[in-house]
Amino acid sequence: MSMIAAFYGGKSILITGATGFLGKVLMEKLFRTSPNLKVIYILVRPKAGQTLQQRVFQILNSKLFEKVKEVCPNVHEKIRPICADLNQNDFGISKEDMQELLSCTNIIFHCAATVRFDDPLRHAVQLNVTATQQLLQMASEMPRLEAFIHISTAYSNCNLKHIDEVIYPCPVEPKKIIDSLEWLDDAIVDEITPKLIGDRPNTYTYTKALGEMVVHQEGRNLNIAIIRPSIVGATWQEPFPGWVDNLNGPSGMIIAAGKGFLRSLRATPMAVADLIPVDTVVNLTLAAGWYTAVHRPKSTLIYHCTSGNLNPCNWLKMGLYVLATFEKVPFEKAFRRPNADFTTNILSNQYWNAVSHLAPAIIYDFYLRLTGRKPRMTKLMNRLLRTISMLEYFINRSWEWSTANTEMLMSELSPEDQRVFNFDVRQLNWLEYIENYVLGVKKYLLKEDMAGIPKAKQHLKRLRNIHYLFNTALFLIIWRLLIARSQMARNIWLFIVSFCYKFLSYFRASSTLKV
Ligand SMILES: CCCCCCCCCCCCCCCCCCCCCCCCCCCCCC(=O)SCCNC(=O)CCNC(=O)[C@H](O)C(C)(C)COP(=O)(O)OP(=O)(O)OC[C@H]1O[C@@H](n2cnc3c(N)ncnc32)[C@H](O)[C@@H]1OP(=O)(O)O
Ligand SMILES: NC(=O)C1=CN([C@@H]2O[C@H](COP(=O)(O)OP(=O)(O)OC[C@H]3O[C@@H](n4cnc5c(N)ncnc54)[C@H](OP(=O)(O)O)[C@@H]3O)[C@@H](O)[C@H]2O)C=CC1
């Protein structure tokens with residue numbers, strides 16, 4: 001019997017960010033392994049014209065929850081969506097709902113965040129810092145609370161090369177930042193943002209570090225743990241391999257490469273690609289929730305959920321695995337054949353951006369205009385280049401994360417829990433994982449049917465022929481222009497023609513002799 005699964009039985013659990021990538025997998029695993037849990041409260045905002053109920057209905061009826069419905073047929077009754085916007089005071093939660101949350105919650109998993117790299121500081125602070133502070137305040141008023149699990153990121157201290165499972169001090173206290181954002185206007189905030197974030201690459205990593213500091217300072221009387229995952233990717237094993245539902249991190253890049261938009265990337269081939277499957281993060285999170293509540297460690301424990309020091313894979317290997325998978329399972333209607341390459345040099349990267357990204361987009365838009373259609377490729381390509389430029393920081397560096405607490409936690413689990421809540425990345429086979437990831441991107445993100453693979457292969461063959469034809473035509477045009485203008489080119493041309501003529505004459509003569 002799994003001790004962790006038994007622990008969550010009968011519990012009232014509060015999850016923020018349950019509609020997000022990680023939150024959904026967390027909820028799924030909780031329902032599947034502890035179907036006798038009492039209730040899961042989720043803080044949800046109405047979005048994109050959908051009510052809370054519609055959003056929850058959509059999640060529960062997705063493929064991800066198919067297994068849950070077999071194990072826990074009354075899952076609809078056990079999930080309690082609470083209307084909440086983390087950007088508002090008291091999260092905009094009604095008095096009755098707040099009362100229920102405060103008196104019943106046993107465990108909190110705080111997953112909600114803005115993960116955008118380009119969010120203005122004010123918004124990123126509001127969600128990643130102030131909302132965390134408010135949630136801690138709520139938690140301190142919960143008499144039945146046993147554990148508060150905060151999801152941070154392994155990159156919250158990405159300005160360091162070696163990162164321990166500790167909280168590093170911030171140059172400016174989070175409280176001061178929150179206070180000053182109240183009276184500074186947006187223009188000044190934008191101006192001081194680079195100075196505040198210092199040697200971190202974006203407001204996301206900076207505010208996640210501030211969020212950790214707030215947890216450290218204001219959660220002293222609570223039973224807290226912090227989980228720091230690295231780059232979260234598709235599921236490895238559970239509930240099935242390859243599930244993914246958003247474009248963040250590598251997923252968007254896999255689509256861009258598979259559809260032939262992404263042809264070159266400024267990446268350091270030997271840098272560690274610290275990907276971690278989302279189900280591994282969830283298993284560690286649930287194990288940490290159990291350990292924190294049952295063992296009540298004296299201080300806040302931080303768990304690094306990373307793959308680099310236990311089972312490293314570099315970007316080159318990962319890229320090659322991705323490209324190899326495209327051969328077997330190509331994406332439909334590709335713009336060009338997938339054939340991306342890494343460069344490390346900024347100048348050559350700019351060259352390839354112009355030649356391999358922008359030029360084909362401009363040519364294609366010209367073709368669209370000629371055929372009376374609306375040009376769109378250049379805009380799309382510029383957007384892709386902007387996204388890539390934001391990811392570059394993370395694919396040109398390696399970090400070392402110590403994992404002593406994570407390994408300690410693993411050793412504390414019973415053999416059954418090590419199986420049910422497996423977060424040992426040493427068992428992960430990268431090739432197999434990447435194959436399933438790419439397949440998952442095709443099925444669950446692009447919603448492409450496997451029956452379309454032969455047609456997609458046919459399309460790629462056609463693209464290859466067009467590529468050869470285009471290159472040959474281009475070569476001939478350039479050569480013709482050169483011959484018209486340069487004596488040297490003419491001499492070379494005459495030399496090649498006379499060489500071919502002599503070779504053919506010799507060949508003909510020797511074959512006549514044989515007869
Ligand atoms: C010897 C032989 C040599 C051979 C060499 C072979 C080499 C082979 C190379 C092959 C390459 C093959 C593929 C490579 C695969 C692996 C490489 C992948 C590299 C990936 C690196 C990832 C690094 C991530 C690091 C993360 C560290 C921190 C982790 C975290 O803690 S948080 C999670 C990460 N967060 C994010 O990823 C968020 C990033 N997104 C943003 O910040 C924003 O969305 C934005 C990118 C700034 C864009 O903002 P916009 O306002 O412009 O747009 P908006 O968000 O409204 O979206 C517009 C449309 O764009 C779509 N979109 C959004 N995000 C992405 C994305 N990441 N990728 C693609 N598209 C995206 C969005 O859906 C919108 O679409 P629409 O709705 O249709 O308009
Ligand atoms: N994905 C990754 O690669 C990594 C993620 N992490 C961390 O994991 C956690 C989860 O990330 P992930 O699931 O990928 O992110 P997502 O962007 O998929 O999910 C974010 C969640 O936060 C919710 N949220 C955002 N703003 C509000 C708001 N104002 N009010 C209520 N809810 C809100 C979103 O709700 P809605 O659906 O309404 O937008 C969504 O449920 C984050 O803390 C992130 O920092 C850490 C390392 C890597």
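Let me start with ligand 1. Of the 31 residues around it, the nearest are Arg-116, Phe-117, Tyr-204, Leu-247 and Gly-249; a residue belongs to such a shell if one of its heavy atoms lies within 4 Å of the molecule. This is a predicted model, in which local features need pLDDT of at least 70, side-chain atom pairs count only at pLDDT 80 or more, and totals for chains, interfaces and linings use all residues. Residues are numbered from 1 along each chain as its sequence is written, chains are lettered from A and ligands numbered from 1 in the order in which they are written, and side-chain values use heavy atoms, with hydrogens and water left out.

On to the polar contacts, meaning pairs of N or O atoms within 3.5 Å; within protein, one atom must be able to donate a hydrogen and the other to accept it, and residues adjacent in sequence count only if both atoms are side-chain atoms. For ligand 1, a polar side-chain atom of Arg-116 sits 2.6 Å from a ligand oxygen. Arg-386 also uses a polar side-chain atom, at 3.1 Å from an oxygen of ligand 1. Gly-249 contributes a polar backbone atom, 2.9 Å from an oxygen of the ligand. On its own, ligand 1 has 1600 Å² of accessible area, and the protein covers 74% of that. Areas here come from the Shrake-Rupley method with a 1.4 Å probe, and for residues only the protein chains shown count as cover.

Which elements supply at least two residues each of the shell around ligand 1? They are α11 (250–258), α13 (315–328), β12 (341–343) and α15 (377–395). Helices (H or I, at least four residues) and strands (E, at least two) are DSSP runs, numbered from the N terminus. The most comes from α15, with seven residues. By class, the shell of ligand 1 holds 20 nonpolar, six polar and five charged residues. In that count Ala, Val, Leu, Ile, Met, Phe, Trp, Tyr, Cys and Pro are nonpolar, Asp, Glu, Lys and Arg are charged, and the others, Gly among them, are polar.

Next, ligand 2. It is surrounded by 27 residues, and the closest are Thr-19, Arg-45, Lys-47, Arg-55 and Tyr-204. The side chain of Thr-19 places an N or O atom 2.6 Å from an oxygen of ligand 2. Taken alone, ligand 2 exposes 880 Å², of which the protein buries 90%. Helices α2 (21–33) and α10 (203–218) each supply at least two residues of the ligand 2 shell. That shell divides into 14 nonpolar, eight polar and five charged residues.

Back to α11, which supplies residues to the shell of ligand 1. Is it mostly covered or mostly uncovered? Mostly covered: nine of its nine residues are buried, where buried means under 20% relative accessible area, exposed over 50%, and partly exposed in between, with a 1.4 Å probe and protein chains only. Among the elements in contact with those buried residues (heavy atoms within 4.5 Å) are β8 (231–233), β10 (275–277), α13, α15 and α18 (430–445). Just after α11, Gly-260 takes a positive phi of about 85°.

In α18, the buried residues include Trp-430, Tyr-433 and Lys-442. Their cover includes α11, β8, β10, α13 and α19 (453–485). At the start of α18, a side-chain oxygen of Asn-429 comes within 3.0 Å of the backbone nitrogen of Leu-431. Just after the helix, Lys-447 has a positive phi of about 55°.

Last, salt bridges. The whole structure has 19, each a side-chain nitrogen of Lys or Arg within 4 Å of a carboxyl oxygen of Asp or Glu. In one of them, Lys-24 and Asp-245 have their closest N and O atoms 2.2 Å apart. Lys-24 lies in α2 and Asp-245 in the loop between β8 and α11, so this pair ties together parts 221 residues apart in sequence. Lys-24 counts as buried at 13% relative accessibility, while Asp-245 is partly exposed at 26%.

Within α2, Glu-28 pairs with Arg-32 at 2.8 Å, four residues along, about one turn of the helix. Glu-238 bridges to Lys-29 at 2.9 Å, and both residues are buried. Salt bridges with shared partners join Glu-28, Lys-29, Arg-32 and Glu-238 into one network.
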